[in-house]
Amino acid sequence: MNGRCPECGQLTEPETGFYFGTGYVSYALAIATSVATFIAWWVLLGFSLEDNSVFWWLGVNGLVLVVIQPLLMRLSRSIWLAFFVYYDRNWKSNVRTVNS
């Protein structure tokens, strides 16, 4: 990962351990994904303990989470950064010196 944004020069890691909080964001995204797959499975196929569809959903949900893990990781880093770094739409006209 670049030390600074190639466009605006913003530090991509403002302080040591800055991205530790992304674990919480990633967890929330994984829970949201699990709830979405649960509802989709329930609406499309239904649940029953007689045919073990709950266990099939658990397996499919686990596979989905493993496959989309890189996406969740990058998305959670972007969301975490957006919480703490102000986005200036006119950053080119408001150029300021960036300290290292």
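**Entry 1: N61**

I started with N61, whose side chain makes a polar contact of 2.7 Å with the side chain of T37. For a polar contact I take a pair of N or O atoms within 3.5 Å; within protein, one must be able to donate a hydrogen and the other to accept it, and residues adjacent in sequence count only if both atoms are side-chain atoms.

Ground rules before going on. The model is predicted, so I note that local features need pLDDT of at least 70 and side-chain atom pairs count only at pLDDT 80 or more, while totals for chains, interfaces and linings use all residues. Residues are numbered from 1 along each chain as its sequence is written, and side-chain values use heavy atoms, with hydrogens and water left out.

N61 sits in helix α2, residues 53-67. Helices here are DSSP runs of H or I with at least four residues, numbered from the N terminus (strands are E runs of at least two). Is N61 buried or exposed? It is buried, at a relative accessible area of 7%. My cut-offs: buried is under 20% relative accessible area, exposed is over 50%, and partly exposed is in between, with a 1.4 Å probe and protein chains only. Leaving aside residues up to four places away in sequence, N61 touches T33, S34 and T37. Contact means heavy atoms within 4.5 Å.

**Entry 2: the rest of α2**

I checked the helix length next. α2 has 15 residues and runs 21 Å from first C-alpha to last, close to the 21 Å expected at 1.5 Å a residue. The expected span is 1.5 Å times one less than the number of residues. Which residues of α2 are buried? They are S53, W57 and N61. These cover an arc of only 75 degrees around the axis, so they are on the same side of α2. The arc is taken from the directions from the helix axis to the C-beta atoms. The buried residues of α2 pack against α1. On the face turned away from them I found F55, W56, L63 and V66 exposed.

**Entry 3: rings**

How many aromatic pairs does a search of the whole structure find? I got nine. Rings of Phe, Tyr and Trp (its six-membered ring) pair if their centres lie within 6.5 Å; planes under 30 degrees apart count as stacked, over 60 as edge-to-face, and the rest as tilted. F18 and Y19 are edge-to-face, 4.9 Å centre to centre with 80 degrees between the planes. F18 is buried at 10% relative accessibility, and Y19 is buried at 9%. F38 and W42 make a tilted pair, 5.9 Å centre to centre and 55 degrees between the planes. Both lie in helix α1 (residues 22-44), four residues apart, about one turn of the helix. F38 is partly exposed at 32%, and W42 is exposed at 54%.

Ring pairs also link F18, Y19, W80, F83 and F84 into a cluster. R77 lies over the face of Y19, 3.9 Å from the ring centre. The test is NZ of Lys or CZ of Arg within 6 Å of the ring centre and within 35 degrees of the ring normal.
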